[in-house]
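This report describes a single protein chain.

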Amino acid sequence: MNMIYNSPNYCVVEFASFAAGDGREQNGGFEIMDKTSKREIFLGGALADSFRKEVATLIDTEPSIEEIDEYLSRFVSMMQQPLVLH
């Protein structure tokens, strides 16, 4: 688990791939948390791969925090899980 982005509005954590108990490779993914609405989403599989590519392209432009937050706001409508602290 690696926090790759943290702003007043969003937090993004990357989960690395891992070997499951049966020896199969389990792909990692990304958890995007919206601090304002207190909702989150986990992106795995093809969606995580697409997110990774889009973020790499965005980072190449040296974006501001506002531009990154604007990009992440595209995922808010898909966030269904409440953000719960453990």
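## Loop residues and overall fold

Lys38 is exposed, its relative accessible area being 53%. The model is a predicted one. Lys38 belongs to the loop that joins strand S5 (29-34) to strand S6 (39-44). Its phi is near 55°, a positive value in a residue other than glycine. Most residues other than glycine have a negative phi. Glu62, in the loop between H1 and H2, also has a positive phi, of about 50°, although it is not a glycine. Glu62 is exposed because its relative accessible area of 72% exceeds the cut-off of 50%.

| Residue | Relative accessible area | Class |
|---|---|---|
| Lys38 | 53% | exposed |
| Glu62 | 72% | exposed |
| Phe15 | 26% | partly exposed |

Phe15 is located in strand S2 (residues 10-15). Beyond its neighbours within four places in sequence, Phe15 is in contact with Met1, Gly28, Gly29, Glu31 and Phe42. Phe15 is partly exposed because its relative accessible area, 26%, falls between the limits of 20% and 50%.

The chain as a whole contains two helices and seven strands, arranged along the sequence as β-β-β-β-β-β-α-α-β. Of its 86 residues, 30% count as buried. Among contacts with a separation of 6 or more, 42% involve residues 24 or more positions apart. The accessible surface amounts to about 5900 Å², and carbon and sulfur atoms contribute 55% of that area.

## Helix packing

Two packed helices are described by the angle between their axes and the distance between the axes. Helix H1 (residues 45-60) packs against helix H2 (residues 65-72) at an angle of about 160°, and the axes are 12 Å apart. H1 is therefore roughly antiparallel to H2, since the threshold for that class is an angle over 145 degrees. The crossing of the two helices is right-handed. On the H1 side, the contact is made by Phe51, Glu54, Val55 and Leu58, and on the H2 side by Ile68, Tyr71 and Leu72. By class, this contact comprises six nonpolar residues, no polar residues and one charged residue.

Note on methods
Residues are numbered from 1 along each chain as its sequence is written. This is a predicted model: local features need pLDDT of at least 70, side-chain atom pairs count only at pLDDT 80 or more; totals for chains, interfaces and linings use all residues. Side-chain values use heavy atoms; hydrogens and water are left out. Helices (H or I, at least four residues) and strands (E, at least two) are DSSP runs, numbered from the N terminus. Buried means under 20% relative accessible area, exposed over 50%, partly exposed in between (1.4 Å probe, protein chains only). Contact means heavy atoms within 4.5 Å. Accessible areas come from the Shrake-Rupley method with a 1.4 Å probe; for residues, only the protein chains shown count as cover. Axes are lines fitted to C-alpha atoms, for helices over the stretch in contact, and angles run from 0 to 180 degrees between N-to-C directions. Angles under 35 degrees count as roughly parallel, over 145 as roughly antiparallel, 65 to 115 as roughly perpendicular and the rest as oblique. A crossing is left-handed if the near helix is turned anticlockwise from the far one by less than a right angle, and right-handed if clockwise. Ala, Val, Leu, Ile, Met, Phe, Trp, Tyr, Cys and Pro count as nonpolar, Asp, Glu, Lys and Arg as charged, and the others, Gly among them, as polar.
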